[in-house]
Amino acid sequence: MNLHEYQGKELLNSFGVRIQRGIVAQNADEAVAAAKKLTEDTGTGWHVIKAQVHAGGRGKGGGVKLAKSLDDVKTIAGQIIGMDLVTPQTSAEGKRVHQVLVAEDVYYPGDSEPEEYYMSVLLNRSTGRNMIMYSTEGGMDIETVAEETPHLIFTEEIDPATGILPFQARKVAFNLGLSGAAFKDMTKFVTALYTAYVKSDSSLFEINPVLKTSDDKIMAVDAKVSLDDNALFRHKDLAELRDLREENPIEVEAGALGLNYVDLDGNVGCMVNGAGLAMATMDLIKQAGGEPANFLDVGGTADAARVEAAFRIILKDPNVKAILINIFGGIVRCDRVAQGVIDAYTNMGNIEVPIIVRLQGTNADIAKELIDSSGLDVHSAVEFQEAADKVQAVLA
Ligand code: GDP
Ligand code: MN
């Protein structure tokens, strides 16, 4: 589960990580009130207005703007809220902005150049340990840095038994070229950041940029926080931060039905049990000249109710021209699935796309018999290739 920048910053702040202060606003008037409050508290008159959407690269898309007066705040917030923000990380349609973060300007105009760094915390899957990845090249695409100047990216692996040790925090500050008060502040920053990552059961922190202000303070100016869904049960407060407006509505609905569904761009819907078989099925569809419209794992219990739910989800996508059902009857018997398909088809009554069903495993022969004698526009297949050929035939 991803958090908005403002939520991520609040989480970091609660663990003692210094952040660029800000207040979230739903409309231009709230933005002005937020800016006034920040000015009273900190005294800087300039603010940055930042679109709150689950996508990076907002600055490049015009979703992060500097406001030098309250009038600016009102105008800019009014422009950003309601816009469809297109960034290098969104689709061409962009993402609708519902709220902005009004933040204090921490780049202190007129002062010497502030320094920006990159820092993330994530799991290194090859060693099974968390690591801190950091770079002097902040504010840039880390992918570009990795490609063009990989020697400027450092990593520090953390032993889960000890957590981050003081010498490791000092090494980070040293590699970033810091000294004096900024050096000390960075050791505190990185230690608190790592602690926040572990305590919140996160799967990714990406702070780009981390800023060194001209008065040597280290703070998070941006925050991308991804929480581990499997640990959310022990973070009820964080689970409540979920913003469904940021997610694909069909995926949300599928999730509520216990279906593992990912929306894709193609024309062949697939319904499969097991993620591995689902991947193989998508390959099969491509080989047959189609494009998968979705990834859908119905799980182990492919009964009539689940099959019907899955049909409804798949058919919400208007691009679907055919549905391929590929079920291995291991725990569930194929004839039960076949009956489920027939029942769901009959119940729904309005399925207009052809369906190819490949059932393999226990009672596959009975299942094929059921499908073939059902009189519905459902084509049975036993072998993988046979299913691919039938997909090809109905698409032609
Ligand atoms: P992203 O583009 O989605 O990654 O959003 P960021 O939060 O990283 O903001 C984009 C850029 O805006 C940063 O790299 C900064 O250079 C700039 N920025 C952010 N906060 C401030 C600020 O307080 N003052 C000024 N002048 N620039 C800022
Ligand atoms: Mn950023």
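S226 lies in strand 12, where strands are DSSP runs of E with at least two residues and helices are runs of H or I with at least four, both numbered from the N terminus. The model is a predicted one, in which local features need pLDDT of at least 70 and side-chain atom pairs count only at pLDDT 80 or more, while totals for chains, interfaces and linings use all residues. Residues are numbered from 1 along each chain as its sequence is written, chains are lettered from A and ligands numbered from 1 in the order in which they are written, and side-chain values use heavy atoms, with hydrogens and water left out.

At 9% relative accessibility S226 counts as buried, the term being used for under 20% relative accessible area, with exposed meaning over 50% and partly exposed what lies in between (1.4 Å probe, protein chains only). Its side chain makes a polar contact with the side chain of N2 at 2.7 Å; such a contact is a pair of N or O atoms within 3.5 Å, of which, within protein, one must be able to donate a hydrogen and the other to accept it, and residues adjacent in sequence count only if both atoms are side-chain atoms. Leaving aside residues up to four places away in sequence, S226 touches M1, N2, S202, S203 and L204, contact meaning heavy atoms within 4.5 Å.

The manganese ion (ligand 2) is coordinated by N208 (O) and D222 (OD), at 2.2 Å, donors being N, O and S atoms within 2.8 Å of the metal (3.2 Å for Na, K and Ca); water is not among the atoms, so the site may look incomplete. N208 is buried, with a relative accessible area of 17%.

A364 is found in helix 12 and, at 12% relative accessibility, counts as buried. Not counting residues up to four places away in sequence, A364 touches C334 and L359.
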